[in-house]
Amino acid sequence: MSIATLTRADAPTDANWRLSGHCLDVDPDVMHPDPRDRHGNGQARSICNGCPVQTQCLADAVRARDYGGVRGGLTGAERRERYGQPKPKPCGTCQQKFTPRTRTQVNCGPCAKTLNRHRSPR
Ligand code: SF4
Ligand SMILES: [Zn+2]
């Protein structure tokens, strides 16, 4: 599943979808393995596999910025990596900290503007 397949319509409007989750009767500890426990994470993931509300569950976790446990077939670290807010980082040109709007943005806004001005032919 990619972010392209995740839309606003997937965000659940009520909590009833949870009742259809494969993990409903599973010990919550099973769905919250130690992040380094590969076997445990694989086990939790296999419970999500084929879960009828996987899309809603993932959308809900992303919206709530819930990075605990396996949800929607992804670990918390995977959800943060794919859908989390980019963290502030130093600009590749002026070294001042800025919050990138995309993960690939290297330069802060003002530096990007200046660089573009120099690049584009007049
Ligand atoms: S996708 Fe996984 S965590 Fe979410 S309801 Fe289904 S089994 Fe539970
Ligand atoms: Zn800069």
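Q: Which residue takes a positive phi just after H3?
A: This is a predicted model, in which local features need pLDDT of at least 70, side-chain atom pairs count only at pLDDT 80 or more, and totals for chains, interfaces and linings use all residues. Residues are numbered from 1 along each chain as its sequence is written, chains are lettered from A, and ligands are numbered from 1 in the order in which they are written. Elements are DSSP runs numbered from the N terminus, with helices (H or I) of at least four residues and strands (E) of at least two. Just after H3, a positive phi of about 50° is taken by Arg-65.

Q: How many C-beta neighbours inside 10 Å does Arg-65 have?
A: Arg-65 lies in the loop between H3 and helix H4 (76-83). With C-beta atoms placed from the backbone, a residue is buried if 20 or more other C-beta atoms lie within 10 Å of its own, exposed if 12 or fewer, and partly exposed in between. Arg-65 counts as exposed because its number of C-beta neighbours inside 10 Å is 11.

Q: Which residues of H3 are buried?
A: H3 is largely enclosed by the rest of the structure, because 7 of its 10 residues are buried. What covers these buried residues includes H4. They are Thr-55, Gln-56, Cys-57, Leu-58, Ala-59, Ala-61 and Val-62.

Q: What arc around the axis do the buried residues of H2 cover?
A: Asn-41, Ala-44 and Cys-48 are the buried residues of H2. The arc is that of the directions from the helix axis to the C-beta atoms. These residues are on the same side of H2, because the arc they cover is only 65°.

Q: Which residues are exposed on the other side of H2?
A: The buried residues of H2 pack against helix H1 (28-31) and H3. On the other side of H2, the exposed residues are His-39, Gly-42 and Ser-46.

Q: With which residues is Ala-44 in contact, leaving aside its neighbours within four places in sequence?
A: Two residues are in contact if their C-beta atoms, placed from the backbone, lie within 7 Å. Ala-44 is one of the residues of the largest nonpolar core. Beyond four places in sequence, its contacts are Val-30, Met-31, Pro-33 and Val-70.

Q: Which residues come nearest to ligand 1?
A: A residue is near a molecule if its C-beta atom, placed from the backbone, lies within 6 Å of it. H2 and H3 each supply at least two residues of the shell around ligand 1. Of the 13 residues around ligand 1, those that come nearest are Gly-21, Cys-23, Cys-48, Cys-51 and Cys-57.

Q: How many residues of the shell around ligand 1 are charged?
A: Ala, Val, Leu, Ile, Met, Phe, Trp, Tyr, Cys and Pro count as nonpolar, Asp, Glu, Lys and Arg as charged, and the others, Gly among them, as polar. By class, this shell has 7 nonpolar and 5 polar residues, and the number of charged ones is 1.

Q: How many other C-beta atoms lie within 10 Å of that of Gln-95?
A: Gln-95 has a positive phi of about 70° although it is not a glycine. Its place is the loop between strand S1 (89-90) and strand S2 (97-98). Gln-95 is exposed because the number of other C-beta atoms within 10 Å is 10.

Q: What distance separates the C-alpha atoms of Phe-98 and Cys-108?
A: Phe-98 is in strand S2 and is partly exposed, with 19 other C-beta atoms within 10 Å. Not counting residues up to four places away in sequence, Phe-98 touches Pro-88, Cys-91 and Cys-108. Phe-98 and Cys-108 are 10 residues apart along the chain, and their C-alpha atoms are separated by 5.9 Å.

Q: Which element has the highest mean pLDDT?
A: pLDDT is the predictor's confidence in each residue, from 0 to 100. The protein has a mean of 89, and 86% of its residues reach 70 or more. Among its elements, helix H5 (residues 109-119) has the lowest mean (91), and the highest (98) belongs to H2.

How values were computed: Core = buried A, V, L, I, M, F, W, Y, C linked by C-beta atoms within 7 Å.
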